[in-house]
Amino acid sequence: MADDRTTAYAEALFAVARAEGPLAEIEDELFRVAQVVRGNDELRDKLADPHIPVATRQQIVIDLLGGKALPTTVSLVSLVVANGRVREFPAIVDELVAMAAAEGNKEVAEVRSAIALTEDQKSRLAEALGLELVHLLPAVLHLPGLRRAL
């Protein structure tokens with residue numbers, strides 16, 4: 001379970017994403033950025049370094065995401081960086097994804113495979129479970145709708 005601060009950030013980001021829209025696309029982009037932050041120590045350390053001016057850290061976000069992500073996504077990531085919460089960003093986004101799933105009366109499941117699955121295998125897995133694939137990452141599938149499958 002997320003701590004109060006993580007939940008508060010997730011709720012705030014979720015509210016902005018819902019208001020600015022499109023929620024699903026912003027959620028997906030935030031999810032992908034969170035996975036990069038989670039898996040890239042050098043980037044996470046750079047964005048979290050209090051010795052680097054906030055404006056410089058925000059410029060890194062703009063350089064990485066500008067033109068590739070919606071302006072709202074860039075702004076939300078920049079907000080988290082500016083507030084010194086980049087290390088918590090993956091947990092914040094995990095909570096946001098859970099909120100979005102709950103709003104759609106869905107669940108989020110993470111399926112791990114020892115080998116990379118082909119697109120056909122991913123589709124067949126989702127079909128067999130009666131689920132909709134939302135977030136596809138190498139070796140990780142996030143599947144909302146787990147309640148229906150159980």
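Select Leu13 first: this residue sits in helix H1. Helices here are DSSP runs of H or I with at least four residues, strands are runs of E with at least two, and both are numbered from the N terminus. The model is predicted, so local features need pLDDT of at least 70 and side-chain atom pairs count only at pLDDT 80 or more, while totals for chains, interfaces and linings use all residues. Residues are numbered from 1 along each chain as its sequence is written, and side-chain values use heavy atoms, with hydrogens and water left out.

**Stop 1: Leu13**

Stay on Leu13. Its relative accessible area is 1%, so Leu13 is buried. Buried means under 20% relative accessible area, exposed means over 50%, and partly exposed lies in between (1.4 Å probe, protein chains only). Now show its neighbours. Leaving out residues within four places in sequence, Leu13 is in contact with Leu76, Leu79, Val80, Phe89, Ile92 and Leu96. Contact means heavy atoms within 4.5 Å. Draw a distance from the C-alpha atom of Leu13 to that of Val77: it reads 9.2 Å, for residues 64 apart along the chain.

**Stop 2: the nonpolar core**

Which residues have the most contacts inside the largest nonpolar core? Select Leu13, Leu30, Val61, Leu65, Val77, Phe89 and Val93. The core holds 30 residues. Helices H1 (4-20), H2 (23-39), H3 (41-48), H4 (54-65), H5 (71-82) and H6 (89-103) each give two or more residues to this core. A nonpolar core is a set of buried Ala, Val, Leu, Ile, Met, Phe, Trp, Tyr and Cys residues joined through side-chain atoms within 4.5 Å.

Centre on Val77. Setting aside neighbours within four places in sequence, Val77 is in contact with Leu30, Val33, Val61, Leu65 and Phe89.

**Stop 3: H1 against H5**

Show H1 and H5 together. Their axes are 11 Å apart and the packing angle is about 165°. That makes H1 roughly antiparallel to H5. The contact is made by Leu13, Val16 and Glu20 of H1 and Thr72, Leu76, Leu79 and Val80 of H5. The crossing of H1 and H5 is right-handed.

Some terms for the helix pairs. Axes are lines fitted to C-alpha atoms, for helices over the stretch in contact, and angles run from 0 to 180 degrees between N-to-C directions. Angles under 35 degrees count as roughly parallel, over 145 as roughly antiparallel, 65 to 115 as roughly perpendicular, and the rest as oblique. A crossing is right-handed if the near helix is turned clockwise from the far one by less than a right angle, and left-handed if anticlockwise.

**Stop 4: H2 against H5**

The axes of H2 and H5 come within 9 Å and cross at roughly 45°. That makes H2 oblique to H5. The crossing of H2 and H5 is right-handed. Show side chains: Ile26, Glu29, Leu30 and Val33 in H2 meet Thr72, Thr73, Leu76 and Val77 in H5.

**Stop 5: the H1–H2 loop**

Move to Pro22, in the loop between H1 and H2. Check the peptide bond from Gly21 to Pro22: it is cis, with omega near -5°. Most peptide bonds are trans.

**Stop 6**

Select H3 and H4. Their axes lie 8 Å apart, at an angle of about 140°. H3 and H4 are therefore oblique to each other. Leu43, Lys46, Leu47 and Ala48 in H3 meet Arg57, Ile60, Val61 and Leu64 in H4.

Next, pick Ile52 in the loop between H3 and H4. Is Ile52 buried or exposed? Ile52 counts as buried, at 17% relative accessibility. Beyond four places in sequence, Ile52 is in contact with Lys46 and Arg57.

**Stop 7: Arg44**

Go back to H3 and select Arg44. Arg44 counts as buried, at 15% relative accessibility. A polar atom of the Arg44 side chain lies 2.6 Å from the backbone oxygen of Val37. Not counting residues up to four places away in sequence, Arg44 touches Val37, Arg38, Gly39, Val86 and Arg87.

**Stop 8: Ala8**

Return to H1 and select Ala8. Ala8 is partly exposed, with a relative accessible area of 41%. The C-alpha atoms of Ala8 and Glu95 are 9.7 Å apart, across 87 residues of chain.

**Last stop: the whole chain**

Zoom out. The protein chain has 8 helices and 3 strands. Along the sequence, the pattern is α-α-α-α-α-α-β-α-β-β-α. Of its 150 residues, 37% are buried. Among contacts between residues at least 6 apart in sequence, 63% join residues at least 24 apart.

Methods:
A polar contact is a pair of N or O atoms within 3.5 Å; within protein, one must be able to donate a hydrogen and the other to accept it, and residues adjacent in sequence count only if both atoms are side-chain atoms.
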